Amino acid sequence: MLPLACSARLGSSSRFVILPSKVLSHQLQSACHLRRTVFLSSTPLRAVFYFHVARNPAPSRPKTAMAKRDEPSHPEDQHPSTKRAKEVDAHTPYEELTSLLSDQPGSKDVHRVLHWFRSKDLRIQDNRALHAASELAKKSDAPLICAYLNCPAEFRWHGTSPARTDFICENLALMQKELHELDIPLAFLEANERNDIVPTIAKFVRENDISHVFANYEYEVDELTRDVKFVKEIGSDAQFSLHHDQTIIQPGTMVTGNNKPMKVFTPYHKSWLAEVKSDPSLLDTVPSPSKNPTSAKKELKPHFESSGPKPPKDKQFASKEEKDRIRQLWPAGHSAAISRLNDFLSDKIEDYAATRSNPAKDSTSRLSAYLSAGVLSIRETLSAVSNKANSKSTDFSQDGPSAGVASWVRELVFRELYRQTTLTTPHTAMNMPQNLKFDFVQWEDDEEGYQRWEEGTLGVPFVDAGMRQIKHEAYMHNRLRMNVSSYLYCNLLINYRRGERYFAETLIDWDLNNNTQGWEPSYTVFNPVSQAERNDPEGDYIRKWVPELKDVQGKAIFDPYNRLTSEEFDKLGYPKPFVDWKDTKQRAIERFKNDMQGVEP
Ligand SMILES: Cc1cc2nc3c(=O)[nH]c(=O)nc-3n(C[C@H](O)[C@H](O)[C@H](O)COP(=O)(O)OP(=O)(O)OC[C@H]3O[C@@H](n4cnc5c(N)ncnc54)[C@H](O)[C@@H]3O)c2cc1C
C-alpha cells in the first residue's frame, strides 16, 4: 500500500490527497490515475502536492502496438505503454519486413508490373521504385500499371490537414496526366477502413494478373506493418519489391563504431558529409518511366478511366477563399517544385546561413510540402544544389564552395537523420517520446490555455504570430515552430502530443518523422521575448501576423504588456500574457525533474 498522508472525498467526482514528495512516483500516479497535479509549495525535503484524482480513471493503455493517431476526441492521448514501446524497438517491423521480402520465392514470370504510389512519392521523376518497375516491364515487354489507394480513414487516423489532403489529390491528378502521356494508367483504388487497404491492393493484383509489385519504403511503424501484411497476404501470387527513395543515405545504415544506428546529429552530419563527398553517385537520379507498349491503352482501358480521389467531407477547406489561398501558396506538381527550387538556388541560398532564422525575411526554401509528399526527390534537389550553387561539388561542408549551401544542406541532413530515427527507434512513430521518461510527466489539463495557444491570443507576440501564420498558410517558419512548441509543453505544461497533433491537422508539409522529432520534449524552455528580439529584430514578422501591434514602435513590440504604460497597452486591444513566463519556466523544470526522477521506462 502507498503511504497516503491524507485523503478526503470532495463532492461526487473528485478526491484530494496530500502526499510527501517522496511518493511522487510514476507508479503512484498511474495507480491513482491522476488527471491534474497542482503544485502548492515545497521545501527541499518535504514537498506537499495536491492531486485531483479522477473518479472515473483514465482508460488503461492499450497493450497492442498502437501507432500514432486515432479518431477519438483526444487522439493524442492514445499510445502504448513504455514497456510495449521498448518491445517494438527490440523487434522492429522493418526487420520483419526485410526478412519476409528476402524469403519470397525466387524469380517469377513477368505478366504485368505494378507500381504502388503512396503519399510520399508523388512524382514520376526520379522515383526509384517506379523506375525499377518500368525497367522490368520494358525488359519483359509487359505493361506497367500504376495505382494509388485512397483511404479516408487513413487521413483521419493521421490527422492529415485539409491543405495536405488537397495537395495530395492535386498532385495525383497532375501525375495521372503525365502518366497517360506515357500510355501508363494510374488506377485509383478505394478502401474505406484501414484494415481494407491490404485486401484491396491484393485483390487488384490478383484480378489484373500482376506478377510484380513495386513500391518505395515508408519508414513509420504502421506503414511497415501494412507492408508486412501485404507480403504475407500476396504469398507467391506476386513478387513484392521495396526501394529506398526518401533519402540520400539509406536509413539505418549510418552506424557508430559499435555498429549501432547513429542517433546524435553532429556525428551523423559529419559522416553524412564525408559519404556524400566521397561518393557523388549517391546523388544520381533515375529517368521517368518509359512509354508502355501501344497495346496497353486498349488492354488496360478501364484503368485509364479511373478518376482521382477528392478530399473527404471532413478534410475539406472551410471556404473557397481558403482553398484558393492555400493552392496559390503551394501550387501542386513537380514543375512547381522545380521552379521553387530554382528560385531558391538563384536568389536565396547564398544568404541562407545569415537569414534563415529571421522569419520576416522569408528566406527559406518553402520546399517542405514538396519534399514530404515526395513531389520533389531529394536526389534531384541535391544534384541541383551541387550543379547550380556549389560549383558542381558534393562537398556540402563548411569547407566546401558555399557557406549558404552548407547551412541549407545541414537542414536536409536533419531530415535524413529523422528517417533513420523512425526506422531504428520505431516507438517514436507510436505517439511516444524518444526519451521515454517524458511519458511519465503529468501534464496540465488547461483547456483555456490550449485554445489561446491555438488561436494565437496568449498575449505573447512571437508565439501568437507563429500560431496565426500556421492557421493562415498551413505552414510555419521553423524558428516559430521551435518557440510555439516549447511554449505549449513548457510554459502551459500541456501535453506536447496535443500540439503535435494540431500541427498534423494544420500543416501542408506534415511529416511524421520531422514533426515527431520537432516536438520531442526537452528541458530547453525558449524565451519568446529574447527569441523575437534576436530573430525578428525589427518586429516585422510580429507586425505582419498580429495587426493589433502594427503601430507599436521599438522594442515594446516584443513585450508590449511590460514595456508600454498600462494606458498605452489597454488601447491595443491585445491580451495581457496568459501566464508569467518566468514562473512557468520554473514550474516546468520542477515538474519534469520530479516526474522523471528515478523512473525506469
Ligand atoms: C515542432 C516542429 C515541428 C515540425 N514539423 C515538421 C513537419 O511536420 N514537416 C516538416 O517537413 N518539417 C517539420 N519541422 C521542421 C522545419 O520546421 C520545417 O521543415 C521547415 O520549417 C520547412 O520550411 P522550409 O521548407 O522553408 O525549410 P528550409 O529551411 O528551406 O529547409 C529545407 C528542408 O530541410 C528540411 N528541414 C528543415 N528544417 C528541418 C528540421 N528542423 N528538421 C527536419 N527537417 C528539416 C525540410 O525538408 C525543409 O523543406 C518541424 C520543426 C519543429 C521544431
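This note goes through the predicted model point by point, from the whole chain to single residues.

1. Basis of the note. The structure is a predicted model, in which local features need pLDDT of at least 70 and side-chain atom pairs count only at pLDDT 80 or more, while totals for chains, interfaces and linings use all residues. Residues are numbered from 1 along each chain as its sequence is written.

2. Overall make-up. The protein contains 27 helices and nine strands. Helices (H or I, at least four residues) and strands (E, at least two) are DSSP runs, numbered from the N terminus. Of the 601 residues in the protein, 44% are buried. A residue is buried if 20 or more other C-beta atoms lie within 10 Å of its own, exposed if 12 or fewer, and partly exposed in between, with C-beta atoms placed from the backbone. Among contacts in the protein with a separation of 6 or more, 76% join residues 24 or more positions apart. Two residues are in contact if their C-beta atoms, placed from the backbone, lie within 7 Å.

3. Of the 26 residues around the ligand, the nearest are Thr364, Ser365, Ser368, Asn515 and Gly518. A residue is counted as near if its C-beta atom, placed from the backbone, lies within 6 Å of the molecule. Two or more residues of this shell come from each of helix H15 (368-372), helix H17 (403-424), helix H20 (478-491) and helix H22 (512-518). The largest share, five residues, belongs to H17. By class, the shell has ten nonpolar, nine polar and seven charged residues. Here Ala, Val, Leu, Ile, Met, Phe, Trp, Tyr, Cys and Pro count as nonpolar, Asp, Glu, Lys and Arg as charged, and the others, Gly among them, as polar.

4. Helices H3 and H8. The axes of H3 (residues 93-102) and H8 (residues 221-234) come within 9 Å and cross at roughly 25 degrees. H3 is therefore roughly parallel to H8. Axes are lines fitted to C-alpha atoms, for helices over the stretch in contact, and angles run from 0 to 180 degrees between N-to-C directions. Angles under 35 degrees count as roughly parallel, over 145 as roughly antiparallel, 65 to 115 as roughly perpendicular and the rest as oblique. The crossing of H3 and H8 is left-handed, a term used if the near helix is turned anticlockwise from the far one by less than a right angle, whereas clockwise is right-handed. On the H3 side the contact involves Pro93, Tyr94, Glu96, Leu97, Leu100 and Leu101, and on the H8 side Val221, Leu224, Thr225, Asp227, Val228, Val231 and Lys232. This contact has nine nonpolar, one polar and three charged residues.

5. Helices H19 and H20. The axes of H19 (residues 461-473) and H20 lie 9 Å apart, and the helices pack at an angle of about 110 degrees. H19 is therefore roughly perpendicular to H20. Their crossing is left-handed. Phe462, Val463, Gly466, Met467 and Gln469 of H19 meet Leu480, Asn483, Val484 and Tyr487 of H20. The classes here are six nonpolar, three polar and no charged residues.

6. Two residues with positive phi. Most residues other than glycine have a negative phi. Lysine 392, although not a glycine, has a positive phi of about 65 degrees. Lysine 392 lies in the loop between helix H16 (378-389) and H17, and counts as exposed because it has 11 C-beta neighbours inside 10 Å. Leucine 493 also has a positive phi, near 55 degrees. Leucine 493 is in the loop between H20 and helix H21 (496-506), and counts as buried because it has 23 C-beta neighbours inside 10 Å.

7. Proline 461. This residue is in H19 and is buried, with 30 C-beta neighbours inside 10 Å. Leaving aside neighbours within four places in sequence, proline 461 is in contact with Ala532, Ile542, Val546, Leu549, Ile557, Phe558 and Pro560. Proline 461 and tyrosine 574 are 113 residues apart in sequence and 9.3 Å apart in space, C-alpha to C-alpha.

8. Glutamate 275. Glutamate 275 belongs to helix H9 (residues 265-278) and is partly exposed, with 15 other C-beta atoms within 10 Å. Beyond neighbours within four places in sequence, glutamate 275 is in contact with Ile249 and Leu282.
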